[in-house]
Amino acid sequence: MHDNVLHLKPIGCEEITIPCKDGVVLGGHLWRGTDNGCCGQVIINPATGVLARYYHRYAQFLAGRGFDVLTYDYRGIGASRPADLKACDYLWRDWGEKDFDAAVRLMHEERRQRPLLV
């Protein structure tokens with residue numbers, strides 16, 4: 001039953017795409033915090049091999065307390081998995097070097113004046 005809850009469409013967020021500098025496009029979700037994100041911004045980097053949806057309840061909790069929150073799947077996983085994964089030459093370090101960079105750039109574009117927490 002618990003796993004079924006994780007598959008539901010998250011409430012209070014929008015599905016987004018996050019372009020990386022190397023052309024890979026990541027899938028993610030952005031929650032807008034109450035009070036227009038007055039507390040700041042949060043990027044939730046998933047654990048190795050964990051789908052971002054695992055963190056959706058926590059993201060919703062933070063958004064309800066005034067944070068704008070981004071969850072996303074690393075390249076090759078979940079919403080960022082291409083149709084033909086075998087044809088990709090993704091490296092594990094790409095998650096930190098390219099995917100996280102794209103997440104940070106997206107959040108900076110959203111609101112530069114707010115603190116960014118990871």
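Modeller: Happy to! Two rings of Phe, Tyr or Trp count as a pair if their centres lie within 6.5 Å. By that rule this model, which is predicted, holds 4 aromatic pairs. Tyr-58 and Phe-61 make a stacked one, with 6.5 Å from centre to centre and 15° between the planes. Both residues belong to helix α3 (residues 56–63), where they sit 3 residues apart, about one turn of the helix. Tyr-58 is partly exposed, at 47% relative accessibility, and Phe-61 is partly exposed too, with a relative accessible area of 40%.

Now turn to Tyr-72 and Tyr-74. Their ring centres are 5.5 Å apart and their planes meet at 85°, so this pair is edge-to-face. Tyr-72 and Tyr-74 are both buried. Ring pairs also join Tyr-72, Tyr-74 and Trp-95 into a cluster.

Tyr-72 leads us on to the nonpolar core. The largest such core has 17 residues, and Tyr-72 is listed with Ile-18, Ile-43 and Leu-70 as having the most contacts inside it. At least two residues of this core come from each of β1 (13–19), β2 (25–31), β4 (67–72) and α4 (94–110), and α4 gives the largest share, 6 residues. Beyond its neighbours within four places in sequence, Tyr-72 is in contact with residues including Ile-18, Leu-26, Ile-43, Pro-46, Phe-100 and Ala-103. Another core, of 10 residues, lies apart from the largest one and includes Val-42, Ile-44, Tyr-55 and Val-69.

Notes. Residues numbered from 1 in each chain as written. Predicted model: local features only at pLDDT ≥ 70, side-chain atom pairs only at ≥ 80, totals over all residues. Heavy atoms only, no water. Phe/Tyr/Trp six-rings, centres within 6.5 Å; stacked < 30°, edge-to-face > 60°. Helix = DSSP H or I, 4+ residues; strand = E, 2+ residues; numbered from the N terminus. Buried < 20%, exposed > 50% of the residue type's maximum accessible area, 1.4 Å probe, protein only. Core = buried A, V, L, I, M, F, W, Y, C linked by side-chain atoms within 4.5 Å. Contact = heavy atoms within 4.5 Å.
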